[in-house]
Amino acid sequence: MTKLRKTSKTKLHDQELNSGSGQTILKPDVNENKARSVTDLRESGQTTAAPASPEDKKIRQAFVDKDWNEIKIADSWQIFKVMSEFVEGFEKLAKIGPCVSVFGSARTKNSHKYYVMAEEIAAKLVRHGYGVITGGGPGIMEAGNKGAHSEGGKSVGLNIHLPFEQFNNIYIDSDKLINFDYFFVRKVMFVKYAQGFVVMPGGFGTLDELFEAITLIQTKKIGAFPIVLVGRSYWEGLFKWIEDVMLNVENNISAEDMDLIHIVDDATEAVKVIDDFYSKYLLSPNF
């Protein structure tokens with residue numbers, strides 16, 4: 001008669017039955033089938049599953065333990081890439097002089113009223129002695145660079161590599177275009193080299209840049225540079241909620257924090273806020 005081999009389940013059952021017999025009880029290792037590293041995963045043959053989408057791969061990769069050699073290879077080189085982006089940004093932007101960062105959607109068409117307004121604001125800023133920094137892409141960013149370029153002013157573009165919608169526009173000064181892979185490095189450049197912020201209507205990226213600037217000013221990591229939001233109908237609902245809920249109900253911010261932003265409706269008002277701010281300090285951007 002063929003002798004039946006016990007499965008892992010029957011072994012575990014026998015071990016539980018012998019729990020009072022003085023024998024050592026072995027607990028199953030719940031991680032015995034878990035890949036310990038990317039190398040283990042490859043060797044186990046588990047990579048032969050159906051091809052995953054790029055998003056699936058990113059999510060799954062976060063759950064795979066890396067061995068030290070893999071960490072050194074992947075993460076160490078990433079550090080040098082980050083450093084190189086900081087160095088290039090510092091070298092190019094340290095010499096540009098007073099500038100205003102203009103934020104806004106990459107999706108805004110050139111016929112839209114906010115595109116036209118962003119172009120006008122940038123042109124006025126240049127006539128008042130400022131340079132203009134944008135994200136370097138299409139939409140509002142293109143309008144900002146176009147307005148600065150039309151007046152012969154400094155037109156800076158901090159472009160980010162994205163899988164969709166982002167490409168540098170043609171109105172950036174050739175020596176003032178910088179391409180980034182990392183959003184956080186790019187945001188440092190937006191804030192470090194700007195003497196003011198003009199925020200046009202935009203999406204999540206625009207909100208990210210806006211609240212980054214507000215947070216750094218609120219926490220006194222940078223000076224209280226003026227933040228101008230253009231388009232009352234676009235911004236007032238958001239800041240009404242911030243005042244009603246964040247401030248008055250939850251007390252998560254201070255009343256003074258609401259003074260950090262100015263909401264306006266046209267180009268003249270936007271530039272006036274910035275000029276009035278610097279006139280208090282008897283400062284002129286024309287130096």
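Author: Happy to! The sheet is open and has seven strands in the order β4-β3-β2-β1-β5-β6-β7, paired in parallel; two strands pair if DSSP finds at least two bridges between them. Strands (E, at least two residues) and helices (H or I, at least four) are DSSP runs, numbered from the N terminus. At the edges sit β4 (177-180) and β7 (261-264), each pairing on one side only. On average, neighbouring strands are turned by 20 degrees against each other, direction ignored. This is a predicted model, where local features need pLDDT of at least 70 and side-chain atom pairs count only at pLDDT 80 or more, while totals for chains, interfaces and linings use all residues. Residues are numbered from 1 along each chain as its sequence is written, and side-chain values use heavy atoms, leaving out hydrogens and water.

Strand β6 (residues 227-230) pairs with β7 in the parallel sense over four bridges, and Val-228 has His-262 of β7 as its bridge partner. Helix α6 (residues 140-150) packs on the sheet and touches β1 (99-103), β2 (131-134) and β3 (155-160); contact means heavy atoms within 4.5 Å. The direction of α6 makes about 160 degrees with that of β2, on a scale where angles run from 0 to 180 degrees between N-to-C directions, with axes fitted to C-alpha atoms, for helices over the stretch in contact.
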